[in-house]
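Visitor: I would like to learn how to read the contacts and cavities of a protein model. Please take me through them one at a time.

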Amino acid sequence: MLGVALELRKISKQFGQVLANHKVDLKVHVGSIHAIIGENGAGKSTAMKILCGFYHQDSGEIIVKEKKVRWPSPKEALASGIGMVYQHFMLAGTHTVFENIVLGTIDYPWSLIQKKEARLKIEKLSKYYGLALDLDVNVEKLSVGEQQRVEILKLLFRDTDILILDEPTAVLSPIEIESFFGQLRNLKNEGKTILLITHKLKEVKAIADKATIFRDGKTVAEITPADFSIEAMAELMVGRKLVGISDNRNNREEEKSSEVIISLPDFKVHAGEIVGIAGVEGNGQRTIIDQTLKLRTADSGMLPEKRLEEALMLGASLYENFLLTKWRQFSWWLSPKIIMPYVKEVLSRFDIRPLNANLIAKNFSGGNQQKFVVGRELWSLSRDLTKDNFKGPKFLLACQPTRGVDINAMEFIHQRILEQRDRGHGVLLVSSELDELLRLADRILVLYRGKIVKEFKRSEFNETKIGLAMAGGSSS
Amino acid sequence: MILSWAMSILRVSTPLIFASLGGLMSERSGVINIALEGLMLIGAFTAAVVALMTHSPYLGLMAAIVAGALGGLFYAFCVLKLKANQIISGTAINLLAMGMIPLILKILYGSTGATPNLEMNERFLSFPLVLLVFICALIFALFKYTHLGLWISFSGEHPDALESAGISSDKIRWFALTCSGILASIGGASVSIYLSSGYSRNMIGGRGFMSLAAMILGRWRPKTTVLACLFFGLCDVIQMRLQSANLSIALPTQLIQIIPYLMTLIVLTGLVGKSIAPKALGK
């Protein structure tokens, strides 16, 4: 094994009341791909931002290439060879690839842009690492995968040898992920050190040499992913045994109901069916969502993609947020005496903590906010004798229902979606996570450039074929 | 005949070109600048007063540059340091200039309307044109060939990208707004000590806003912006020639004077099409 590229020793960082990092230890070897895994809010991004000089640790030390360092700003970290590719790319669409790459590499404002030299260097790098790009097109014309290449070239151009990548595969189609991994291996073989922040354990197993697991702001383990099963890694990440979801679909005959729940221009959703929409983001999902919203009736629920902007008023209490979509079910006089018990019912049934409907939404964690939205949308005042208020709406539109939630909340939400189906209701599931679709959907429709290009029945589900269709390739 | 038209167009476009390049500096860096009108007023007034006092148009211009820089810095202070709303602070500067100038005029010359007339030797004959060519070349080169130009542009398109490359977008904006103030002020000065002889009320007459319009028509690019200014200059020349021509039908002069403004409106609503403003403009 080669030397140590960098080391974090007992790094702690506090934001207000929250201890984001508590005695974090990390050791990364030169020329390795090291995964940083953990759930949202586990402190992995904070640790990486400290490493890049965006934040400063309260205590503990950073050692890079056997020297103790403390960066005043990201600039110095970059100068010492540590660079980060952010989840949201730092590229200006109206500028060319070339301009985006050379930005900020010269300190003197009035110096001319050295086109020839810089070009030569970029072309050499892109050939060497297999990152083919046209330098003269505007970045906005590139696919997301190509934009990512620009970001990586940007770092290589600055002679970065420790690359930190934040959730790099979140925006890529399965095909792009494969070629992206190829690029990472190239980089590794040339002696670059790569830190990969991710929550996708399958990818960790596929590519990482080592992995450090974060939980509740601490580093709980350093493992060799090759020796661990995905389930074992997940349990380390969550800190307890996972229950898993029960799906009784497999024990049941495939029965197709002819009752149409909702009829869109391009397809229908039947009773007792989960229709999944697959596709790389921005390939027409918005159109389908908008079409669905137009056909919405009183008996339909909606889990929007951007929960914080579209489903919750962050500054209002959960009680008020409950009324936001449910006020129609009560009389014109909204009496807290009558309604509050129902809100409490949602909170306790969906295990939302703290169990206080008068607290404003902002004070709840992301997972709890999410669970509240799910709970609210599945709630409807029962009009029959069963008094069961959680029969759920006849039709549910779920867009990226588990984005940004921890594993427990994810299992919970998946279970609820499956229950909807078992009750004979219809669900339209729009998700960019193929695993989620494979797990839940009865049918998957693949979107590419605004059109449905392929349909898969559950018996035909095949990750490679669906992935290929998502990238616009035909599968035969 | 063609030469005389070309010269008049160039003359009347001069203040527009200075000011709209000023607006371009500001907006490309991501800051909306509707204070151009006020900054032009400040420039026109300062240049006229100092030229009167010192009998030198060059000193007048220098003073206008200083005043413009201060105006630009003040605007930068409002929107960058105090994080004030850009439209409101810009309007405030416009109103401030419109209110303060008559007051100072009254103190200096006992009249709120105008400064005394400048003698011929206190005015410019052609120097602003030379300066114009120089400034145009400088700004074209800035955006095309220099790192600074790239930084200004990134500051308007994606400030976070600039920050992550280790350059402070706030610093770039301070610089760009100061330049913007200077350029607008030179534009104003060229109205009072080049096109006319002295400052008079309503002298700028919306040229600041027209410069903004030209910049938008020019799609925030230096070359097309200059062309748009020349187009507005052409409208102005047509308007002036129509006024002095013996027309067979008696058109009210107001109707003729309206031409450049009408063209601004038509062009901005009809011809611009999809706007391609810097993405982080106003944020």
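Salt bridges, interface and cavities

Guide: This is a predicted model. A search over all chains of the whole structure finds 20 salt bridges.

Visitor: Which residue forms a salt bridge with Asp159(A), and how far apart are the closest N and O atoms?

Guide: The partner of Asp159(A) is Lys121(A), with the closest N and O atoms 3.4 Å apart. That distance counts because the cut-off for a salt bridge is 4 Å.

Visitor: Where in the chain do Asp159(A) and Lys121(A) lie?

Guide: Lys121(A) sits in helix α4 (residues 115–128) of chain A, and Asp159(A) in the loop between α5 and β7 (162–166) of that chain. The two are 38 residues apart, so the pair links distant parts of the chain.

Visitor: How many salt bridges are there between chain A and chain B?

Guide: The count between chain A and chain B is 0. Polar contacts are a separate count: 6 residue pairs, both residues at pLDDT 80 or more, are in polar contact between chain A and chain B.

Visitor: Now the cavities. How many of 30 Å³ or more does the structure hold?

Guide: The structure holds 3 of them. The largest cavity has a volume of about 180 Å³.

Visitor: Which residues lie nearest the centre of the largest cavity?

Guide: Of the 16 residues that line the largest cavity, those nearest its centre are Leu78(A), Met84(A), Tyr86(A), Leu155(A) and Ser164(B). Elements giving two or more residues to this lining are α2, β6 (82–85) and α5 (144–157) of chain A. By class, the lining has 11 nonpolar, 2 polar and 3 charged residues.

Visitor: What is the volume of the second largest cavity, and which residues line the second largest cavity?

Guide: Its volume is about 50 Å³. The lining residues include Phe18(B), Leu61(B), Phe124(B), Pro128(B) and Tyr194(B). Two or more residues come from each of α5 (127–145) and α8 (169–195) of chain B, and α8(B) gives the largest share, 5 residues.

Visitor: How does the lining of the second largest cavity divide by class?

Guide: The lining of the second largest cavity has 9 nonpolar residues, 1 polar and no charged.

Notes
Residues are numbered from 1 along each chain as its sequence is written. Chains are lettered from A and ligands numbered from 1 in the order in which they are written. This is a predicted model: local features need pLDDT of at least 70, side-chain atom pairs count only at pLDDT 80 or more; totals for chains, interfaces and linings use all residues. Side-chain values use heavy atoms; hydrogens and water are left out. A salt bridge is a side-chain nitrogen of Lys or Arg within 4 Å of a carboxyl oxygen of Asp or Glu. A polar contact is a pair of N or O atoms within 3.5 Å; within protein, one must be able to donate a hydrogen and the other to accept it, and residues adjacent in sequence count only if both atoms are side-chain atoms. On a 1 Å grid over the protein atoms alone, a cavity is a set of points where a 1.4 Å probe fits but cannot get out, and a pocket is an open set with protein on both sides within 12 Å along at least five of seven lines; lining residues have an atom within 4 Å of a point. Grid points are joined across faces, edges and corners, and a volume is the space filled by probe spheres set on the points. Helices (H or I, at least four residues) and strands (E, at least two) are DSSP runs, numbered from the N terminus. Ala, Val, Leu, Ile, Met, Phe, Trp, Tyr, Cys and Pro count as nonpolar, Asp, Glu, Lys and Arg as charged, and the others, Gly among them, as polar.
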